[in-house]
Amino acid sequence: MDRYAVFGHPVGHSKSPQIHAAFAAQTGQSLSYEAIDAPPDGFAEALRDFIEQGGRGCNVTVPFKDEAYRLADRCDALAGQAQAVNTLRVEPGGRLAGFNTDGIGLLRDLTQNLGLVLAGRRVLLVGAGGAAAGIVGPLLAAGIAQLVIVNRTPQRAGDLARRFAAHGPVRAAPLQAPGSGFDLVLNATAAGLGGRAPDLPVAVFSPETVAYDLVYGPAAGPFLALARQAGAGACHDGLGMLVEQAAEAFWLWRGVRPATAPVIAALRGA
Ligand code: NDP
């Protein structure tokens, strides 16, 4: 049976094994998928062991996406732009191909599942870590009118904006003064995992604003509560993105596209 996994630290909370088991059952693919908690300095070794034992591909989550990018023998354009890899595929001969499916996952959730139109919209991106790096390119490619990036550590927002300056209308701003009138506010910080919302002024939200936290479940609560109190018109967590980025990885590995709606519904029901 072909073997797949998600590597992270910690990784026990991951819903990826459940999602890929559902995809495999739905599409009749024979595979196994497990969560592997690698020590912070032991990802390369754990990955090598996994491949030696028949691993065909893996997902990579915090804190190993940068290292996965460096370990890949070749990367697709999105992973190259992001300088972060969340999906690895073992090629014939053992070479490693790296991909970043986070941006595709977010865009599919926003446009296909939630029915948003991105072209011409003003977007505020809060956060400048690996997840933010993975979504800036696809957002700009979707034809948004403006992308403003803010972050607790302002220098990282500036670096990210500069890295993508040639790809579209993107600039960095101070966390406390991002501007107003945003159609979409994306929280790509890990603040919710610590029970906090990023320290944003309420003026970024209006009744026309869609607020979206990349984090899902209770961890999305603080940001979405802030957005709701500030009058945002709609609020969503990142569960749909999680399932969509997984579906793209499944397609890269197996050449089959699973239906995502029943899996999102099942996870929401649970
Ligand atoms: P990183 O560790 O690379 O980056 C973390 C980001 O969060 C940085 O911008 C950091 O700011 C910011 N941050 C952390 N704590 C706080 C805080 N208390 N207040 C304000 N900002 C804070 O993580 P990732 O970018 O990889 O992931 C970010 C989140 O997105 C994670 O929670 C992850 O679970 C989620 N995610 C969801 C996905 C999905 O499919 N739904 C896919 C990928 C990620 P600073 O630079 O100042 O440290």
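Reader: What covers the buried residues of helix 8?
Author: The model is predicted: local features need pLDDT of at least 70, side-chain atom pairs count only at pLDDT 80 or more, and totals for chains, interfaces and linings use all residues. Residues are numbered from 1 along each chain as its sequence is written. The cover of helix 8 includes strand 10 (184-187), strand 11 (210-213) and strand 12 (234-236).

Reader: Which residues of helix 8 are buried?
Author: Buried means 20 or more other C-beta atoms, placed from the backbone, within 10 Å of the residue's own. Helix 8 runs over residues 221-229. Its buried residues are Pro222, Phe223, Leu224, Leu226 and Ala227.

Reader: Which residue takes a positive phi just after helix 8?
Author: Look just past the end of helix 8. The phi there is about 95 degrees. The residue is Gly231.

Reader: How many helices and strands are there in the protein?
Author: Both are DSSP runs numbered from the N terminus (helices H or I, at least four residues; strands E, at least two). The protein has ten helices and twelve strands.

Reader: Which residues around the ligand come nearest?
Author: The shell around the ligand holds 28 residues (C-beta, placed from the backbone, within 6 Å). Those that come nearest are Gly129, Ala131, Arg152, Thr153 and Gly238.

Reader: Which helices each supply at least two residues of the shell around the ligand?
Author: Helix 5 covers 102-113, helix 6 covers 130-141 and helix 9 covers 239-254. Each of these supplies at least two shell residues: helix 5, helix 6 and helix 9.

Reader: What share of the residues of the protein counts as buried?
Author: The protein has 270 residues. Their C-alpha atoms fill a box of roughly 55 × 40 × 35 Å along the principal axes. The buried share is 47%.

Reader: What part of the contacts joins residues at least 24 apart?
Author: A contact is two C-beta atoms, placed from the backbone, within 7 Å. The count takes contacts between residues at least 6 apart in sequence. Of these, the part joining residues at least 24 apart is 65%.

Reader: How far apart do the C-alpha centres of domain 1 and domain 2 lie?
Author: Domain 1 is 2-100 + 243-269, and domain 2 is 103-237. These bounds come from an automatic or database domain assignment. The centres lie apart by 25 Å.

Reader: Which helices each supply at least two residues of the side of domain 1 that touches domain 2?
Author: Twelve residues of domain 1 are in contact with ten of domain 2. On the domain 1 side, at least two residues each come from helix 3 (65-71), helix 4 (77-82) and helix 9.

Technical notes:
A residue is buried if 20 or more other C-beta atoms lie within 10 Å of its own, exposed if 12 or fewer, and partly exposed in between; C-beta atoms are placed from the backbone.
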